[in-house]
Amino acid sequence: MDEVPQRRERSPGIKLLFVGLVSLVLIVPLLLVYALVYDRQDQSETAQASINAGWGGPQVLSGPVMVVPFRTTQTQNEVVDGKQVSRVVEVEKLLYISPVTNRVSTRIEPEERRKSIYRSVLFTARTEGSAMFTLPADLARFGVTRERLLWDRAELRIGASDARGLTTGGTIMAGGKPLEVQPGKGPAASGGQGFFAFLNWDGTGQLKVDYAFGLRGSRTISLVPRGGSTSWEVSSPWPSPSFAGAFLPEKPQVSDKGFKASYTVDKLALGQPPVATEDFGAPQDTGDYASRVTMLEPGMTASEAVGGPSRAVSVSLIETVDLYSKVDRSVKYGFLFIGFTFLAFFLFDVVGGARVAAVEYLLTGAGLVLFFVLLLAFAEVIGFTAAYLVASGAVIGLLTAYSAAVLGSWKRARFIGALLVGLYALLFVLLNLEAWSLMIGSVLLFVALAGVMYATRNVDWGSVGRREMEAA
């Protein structure tokens, strides 16, 4: 009987090279999943903007600030008959007077609204405050004299950066007397939006101003401190606030029932004079909404908002689970899953004698990549944790059953299933312990490398094995 020719098998080193090439091929679908996450996040933000459109955006509160016109003289240069001529003219400017003290309290009531599978965090807020005004004794040192002030046109201005949210009206009382409020003319820190009232005061003594207004908005509410001393008490039943801005609260209380926070900002921390001939512009250190409040109200002159940027404190109502950021982070661990699973297949191949083809590696990797697509799709509907259980359970079951056929043994398949369970459990821990993720991941890689070194210590990577094929 003639002998059937022996078929030469690839060496372990060549097999390792093929596994590496298949892993590199899987970079493409992983990058596509990564792009998909960003696309879905962009769609979510578009849907949230649509929800917020008829309600109100992030709100920046400012004021009250007293605005008093005054007359002064200035020198103007002009050319007459080819000659430079200077003349002194009388002009009218505005004096912005900040309160000596301003005590503000805000109660935020959150509300979630949905559009299709997307949701947005909205709120209604009730703000009440009490401010005390007085003219500086050395007013002349600021370039303004009392006799030049036009008190018959004095105003009190209060700002809200998105005037659409002022649906419940506002009240202002000066010296115990109610004032008639008018729309617009908010401080420049709120983009010129808000409301104001004409003031009946001659600048003598002190003036107490009490004010209150309701406000609608979304995600973030901020306050621009101004004057000698500003205190802000803010509370809400929302359990997951984020405190940002130029100043942080003093010992905030946060629990499952909500939060309370207190701010106290002194004039020295603001670096602003008590009176100024230019208004202070929009805050530059309060988050992503600062760019929304830099436009001036029609009719406001540019000189009214060139006193430099303001400083603000802000509170954001963030979602307890930002599913897109978690899915995004999980995709970054995609190669960890592919690498460990391929490593187990490879060891069964070169050490255990199972033969795994390149296509089988590729199909297994496709199943691992599909996990992230399933996770994203289900997370948008049922939440991240439930989606994680569904997606990981489906992929573990699929690859365990497939491994039984590829590796030729249910015992080996159960090992693959246990490995995947451990990997998905570890990933869930890493996603929830962001500060420790680097240390845990590096230790895991070290342990995996040590295990591979031990399991392959007797492998001759350059050898070529032969498999006898007996004649039928």
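I took the expected span of a helix as 1.5 Å times one less than its number of residues. Helices (H or I, at least four residues) and strands (E, at least two) are DSSP runs, numbered from the N terminus.

I worked on a predicted model, in which local features need pLDDT of at least 70, side-chain atom pairs count only at pLDDT 80 or more, and totals for chains, interfaces and linings use all residues. Residues are numbered from 1 along each chain as its sequence is written, and side-chain values use heavy atoms, with hydrogens and water left out.

Entry 1, helix α5. I checked α5 (residues 334–350): its 17 residues should span 24 Å, and its end C-alpha atoms are 24 Å apart, which agrees. I found 13 of the 17 residues buried, so α5 is largely enclosed by the rest of the structure. Buried means under 20% relative accessible area, exposed over 50%, partly exposed in between (1.4 Å probe, protein chains only).

I located Ser44 in helix α2 (residues 27–53). Ser44 counts as buried because its relative accessibility is 7%. Beyond its neighbours within four places in sequence, Ser44 is in contact with Tyr118 and Tyr324; contact means heavy atoms within 4.5 Å.

Two strands pair if DSSP finds at least two bridges between them. Arg107 stands opposite Ser235 in β13.

I read the order of its eight strands as β8-β7-β11-β5-β4-β13-β16-β15, with mixed pairing. β8 (177–179) and β15 (253–255) stand at the edges, each with a single partner strand, so one side of each has no neighbour in the sheet.
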